[in-house]
Amino acid sequence: MQKIQIHGGKELKGSIKISGAKNAAVALIPASILCDEEVTIYHVPEITDRDALIHIMELLNGKVVISQDELKINMKDLKNAVIPENLAKKLRASYYFMGALLGRMKHVEIYFPGGCNIGKRKIDFHLKGFEALGATITEDADKYIIHAEELVGTKIYLDFASVGATINIMLAAVKAKGVTEINNAAKEPEIVNVATFLNNMGAKITGAGTSKIKIEGVRYLHKSIIEVIPDRIEAGTYIIMGALLGNNLMIENVIKEHLMSLISKLQEIGVDIKSNKNNLIINKSKNLKPFNITTLVYPGFPTDLAQTMTVLMTQCNGISALEETIYSNRMGQVPYLNSMGADIKVSNQTAYIKGKTKLYGNYVEASDLRAGAALVIAGLIADGTTTISHIEHILRGYEHIIEKLRNVGADIELIEE
Ligand code: EPU
């Protein structure tokens, strides 16, 4: 089994370039299905979620050419096929084939998506949106058959500003008859990236990035290009490492506006973080103040950085609290951090973290993607050797994480054990 082994305590010096955003790329790839010609997507991260999506695109008779971080996708000869359980379950974002295939073919057969086990992850808002556009949904155990004779634009209100539902409804509505309005839409930057891609193809979407998105249906979508935005969560993960171990650590290719909630919180607690154009420079900070965070939808503090923040909190002087409001099970890293010397208690959805505690290397397990990232940070600051198992979760979302960290001085390697 492949594991990550880290000998902790090395300072991080040099620069790390941020890759394209996982959560944008995993929507942009299925969105290409809606295009009647070839598309090119630049800056796609080389992560296993990308490979799983390409596998499904090829199953649908798509032509995908990979050249480093560039994907050329041509779905002209698309053949609608059932997306089998083993492929759908490989990742969460397989649910975007629902909206994309419905939008183009008015028919889709797919199994319930997979993804990290971080709590109940229903897709009822996606399905209600498809129904509002005129689709009927047949559920057979874990398989969904979604069919429409025609899709007609309408006003939709999301009970919760769900990222996945917002994008999926946008995909289904792009070629629908008339105008669709998504109210209480999610505002995450990844949604704007997808809307820009579709508009580049000739779609008519306005309001992406606000809570009201309007989509005027079009019949044909032409050849287009898009660049995946920088991954704000990957950037945040390395910024946190910089706050703990940086010696002028530079994080390159960052959109600061996407990270305001993190950067302002770090500055508030005493982290030395400077910005220079699209780069950030971070230095290890000694006397970090304890702090509280509640995760929220964008532009609030992102749930995807909650787990990595708990490691930073172990190094603050006093009691910090982290309340997770988006998912019911995002504390998978806590028992392992405690086994390394942290003092964390979880009550309801809040982790109370008493710092500052020394961490010691141990055998730990990545229970999900961001828990895995948290354990990498813990291993980097711990005394001794940390061995992380189930790293397939980490490799789903962090491009070349081992190489990027080795390049800035970390003692980290992939081992077979
Ligand atoms: N929800 C429902 N019904 C729905 C949709 C969502 O109850 O139909 C609930 C979920 O159960 C969850 C909350 O609403 O409790 C938020 O879900 P949302 O739909 O916003 O999340 P998602 O689309 O499933 C994406 C990212 C997540 C990220 C969230 C929030 C992808 C593939 N996943 O998930 O990324 O946490 O948005 O920003 O884009 C990660 O990268 O580690 C990750 C989990």
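Q: At the start of H6, which residue has the backbone nitrogen that a side-chain oxygen of Ser162 reaches?
A: The model is predicted: local features need pLDDT of at least 70, side-chain atom pairs count only at pLDDT 80 or more, and totals for chains, interfaces and linings use all residues. Residues are numbered from 1 along each chain as its sequence is written, and side-chain values use heavy atoms, with hydrogens and water left out. Helices (H or I, at least four residues) and strands (E, at least two) are DSSP runs numbered from the N terminus. At the start of H6, the side-chain oxygen of Ser162 comes to within 3.4 Å of the backbone nitrogen of Gly164.

Q: How many of the eleven residues of helix H6 are buried?
A: Buried means under 20% relative accessible area, exposed over 50%, and partly exposed in between (1.4 Å probe, protein chains only). The buried residues of H6 include Gly164, Ile167, Met170 and Leu171. Helix H6 spans residues 163-173 and is mostly covered, the number of buried residues being ten.

Q: At what angle do helix H5 and H6 pack?
A: Axes are lines fitted to C-alpha atoms, for helices over the stretch in contact, and angles run from 0 to 180 degrees between N-to-C directions. Helix H5 covers residues 124-132. Its axis and that of H6 are 8 Å apart, and the packing angle is about 25°.

Q: Is H5 roughly parallel or roughly antiparallel to H6?
A: Angles under 35 degrees count as roughly parallel, over 145 as roughly antiparallel, 65 to 115 as roughly perpendicular and the rest as oblique. H5 and H6 pack at about 25°. That angle makes H5, relative to H6, roughly parallel.

Q: How many charged residues does the contact of H5 with H6 have?
A: Ala, Val, Leu, Ile, Met, Phe, Trp, Tyr, Cys and Pro count as nonpolar, Asp, Glu, Lys and Arg as charged, and the others, Gly among them, as polar. The contact of H5 with H6 has five nonpolar and four polar residues, and the number of charged ones is none: no charged residues.

Q: Is the crossing of H8 and H12 left-handed or right-handed?
A: Helix H8 (residues 232-245) and helix H12 (residues 369-381) have axes that come within 10 Å and cross at roughly 20°. That makes H8 roughly parallel to H12. A crossing is left-handed if the near helix is turned anticlockwise from the far one by less than a right angle, and right-handed if clockwise. The crossing of H8 past H12 is right-handed.

Q: How many nonpolar residues are in the contact of H8 with H12?
A: On the H8 side, the residues are Ile233, Thr237, Ile240, Met241, Leu244 and Leu245, and they meet Arg370, Ala373, Val376, Ile377, Leu380 and Ile381 in H12. By class, this contact has one polar residue, one charged residue, and a count of nonpolar residues of ten.

Q: Between which strand and which helix does Pro299 lie?
A: The peptide bond from Tyr298 to Pro299 is cis, with omega near 10°. Pro299 sits in the loop that joins strand S17 (292-294) and helix H10 (306-314).

Q: What relative accessibility makes Asn61 count as partly exposed?
A: Asn61 is not a glycine, yet it has a positive phi of about 70°. Asn61 is in the loop between helix H2 (48-59) and strand S4 (63-67). It counts as partly exposed because its relative accessibility is 25%.

Q: With which residue's side chain does the side chain of Gln5 make a polar contact of 3.4 Å?
A: Gln5 lies in strand S1 (residues 2-7) and counts as buried at 16% relative accessibility. A polar contact is a pair of N or O atoms within 3.5 Å; within protein, one must be able to donate a hydrogen and the other to accept it, and residues adjacent in sequence count only if both atoms are side-chain atoms. The side-chain partner of Gln5 is Thr387.

Key. Contact = heavy atoms within 4.5 Å.
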